[in-house]
Amino acid sequence: MQLEERYRAAEALLSVGIPPSDAVRQLALQYPVSERQAESYLSFVYQRWQRLAPKDDLTRRDHLIKMAHTAYIGALKDK
């Protein structure tokens, strides 16, 4: 479960437009891992997106919209 949480965190960073190099640094700081390990999280996310894209692009879009909404709600709670 902890690994899936890290994948979701990587996906959230990429979904809101954070550059991969910045996402790697943020993940490495957020979780006690090396930048190389954080890169593997991003790689997993990109592979997941590739698997979803050919099958059902609408599902991926809906997933990204849901993630953006979740990030927006989180930002509102932080205020």
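Trainee: In which helix is Ile 73 found?

Mentor: Please bear in mind that this is a predicted model. Ile 73 is found in helix 4, which covers residues 57–78.

Trainee: How many aromatic pairs does a search of the whole structure find?

Mentor: The search finds three. Ring planes under 30 degrees apart count as stacked. The planes of Tyr 7 and Phe 44 lie at 15°, with the ring centres 3.8 Å apart, so this pair is stacked. Tyr 7 belongs to helix 1 (residues 2–15) and Phe 44 to helix 3 (residues 35–55), so the pair ties together parts that are 37 residues apart in sequence. Tyr 7 is buried, at 12% relative accessible area, whereas Phe 44 is partly exposed, at 24%.

Trainee: What is the geometry of the pair formed by Tyr 46 and Trp 49?

Mentor: Planes over 60 degrees apart count as edge-to-face. The rings of Tyr 46 and Trp 49 have planes at 80° and centres 5.9 Å apart, so the pair is edge-to-face. Both residues lie in helix 3, three residues apart, about one turn of the helix.

Trainee: Which residue has its charged end over the ring of Phe 44?

Mentor: The charged end of Arg 51 sits there, 5.9 Å from the ring centre. Phe 44 is also linked by ring pairs into a cluster with Tyr 7 and Tyr 41.

How values were computed:
Residues are numbered from 1 along each chain as its sequence is written. This is a predicted model: local features need pLDDT of at least 70, side-chain atom pairs count only at pLDDT 80 or more; totals for chains, interfaces and linings use all residues. Side-chain values use heavy atoms; hydrogens and water are left out. Helices (H or I, at least four residues) and strands (E, at least two) are DSSP runs, numbered from the N terminus. Rings of Phe, Tyr and Trp (its six-membered ring) pair if their centres lie within 6.5 Å; planes under 30 degrees apart count as stacked, over 60 as edge-to-face and the rest as tilted. Buried means under 20% relative accessible area, exposed over 50%, partly exposed in between (1.4 Å probe, protein chains only). A charge sits over a ring if NZ of Lys or CZ of Arg is within 6 Å of the ring centre and within 35 degrees of the ring normal.
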